[in-house]
Amino acid sequence: MRIDPMLAAAALLALAMDAVQAAIPPTAPQLPPGAVNAEGLRDHDYRSPPPPSVAEATTIDTAELRQLMAEWGERLVLLDVMAVPKRPPAPGQSGGGSWIPNKVRQHIAGSVWLPNVGYARLPPEMEQFYREHLERLSGGDMQRPIVLYCLEDCWMSWNAVRRAARYGYRNLYWYRAGTDGWQRAGLPLIEAEPVPPPEAAAKQAQ
């Protein structure tokens, strides 16, 4: 049986293209126009469904997070980046209130709550706050596994992942379902206390 050289070449080319595609790591899906700003961060409607993945991190579900926790133990950095709104001043008082959240936040045991680091625009003090705590929690190890989360329908952790990647962290995981997914799986949450953000910086974060 004679094989057509053109067909054979086309088949080899197709196999080569499949191999190239398989070697390319998955990336985040294309975002609709206006979803993010020029810096690639979400700057509006933070409490809305984010995309299913983010290019700079591995997106994980609840079972995968539990597996990471079992594998890494205390070496796994769990970051809750839920925002903390400033409590308004009491009647007759001037100035802003404390940074204690109005509603009690519950999160995954072992997490550190770094609030407001998922906003698109951070003043220098807030950037420093995020950098310093990432360095402290990772022990300066850019390969240390770090899991970031907030709520299910929230862009805060999506933004925080991208920002951490720009700081140089390379072993990032995004738990997209956040505390909503953890609770939905029947797993316990504990009452959380935020690390107080810098006063001047937190006022300006938006």
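A salt bridge is a side-chain nitrogen of Lys or Arg within 4 Å of a carboxyl oxygen of Asp or Glu. In this predicted model, Arg 144 is buried yet forms no such bridge. The nearest side chain of opposite charge, that of Asp 141, is 5.8 Å away.

Arg 144 is found in the loop that joins α3 (124-138) to β5 (146-149). Leaving aside residues up to four places away in sequence, Arg 144 touches Glu 74, Arg 75, Val 77, Leu 137, Ser 138, Gly 139 and Asn 171. Its side chain also reaches the backbone oxygen of Leu 137.

The distances given for side chains in this report are as follows.

| From | To | Distance |
|---|---|---|
| Arg 144 side chain | Asp 141 side chain | 5.8 Å |
| Arg 144 side chain | Leu 137 backbone oxygen | 3.5 Å |
| Asp 61 side-chain oxygen | Ala 63 backbone nitrogen | within 3.3 Å |

The contact of Asp 61 lies at the start of α2. In this helix, residues 62-72, Thr 62, Leu 65 and Leu 68 are buried. Seen down the axis of α2, the buried residues fall within an arc of 120°, so they line one face of the helix. They pack against β1 (58-60), β2 (77-80), β5, β6 (172-175) and α5 (178-184). Ala 63, Gln 67, Ala 70 and Glu 71, on the other side of α2, are exposed. Just after the helix, Gly 73 takes a positive phi of about 60°.

The protein chain as a whole has 6 helices and 7 strands. Of its 206 residues, 44% count as buried. The chain exposes about 11600 Å², of which carbon and sulfur atoms supply 56%.

Conventions:
Residues are numbered from 1 along each chain as its sequence is written. This is a predicted model: local features need pLDDT of at least 70, side-chain atom pairs count only at pLDDT 80 or more; totals for chains, interfaces and linings use all residues. Side-chain values use heavy atoms; hydrogens and water are left out. Helices (H or I, at least four residues) and strands (E, at least two) are DSSP runs, numbered from the N terminus. Buried means under 20% relative accessible area, exposed over 50%, partly exposed in between (1.4 Å probe, protein chains only). Lys and Arg count as positive and Asp and Glu as negative; His and the chain ends are not counted. A polar contact is a pair of N or O atoms within 3.5 Å; within protein, one must be able to donate a hydrogen and the other to accept it, and residues adjacent in sequence count only if both atoms are side-chain atoms. Contact means heavy atoms within 4.5 Å. Accessible areas come from the Shrake-Rupley method with a 1.4 Å probe; for residues, only the protein chains shown count as cover. The arc is that of the directions from the helix axis to the C-beta atoms.
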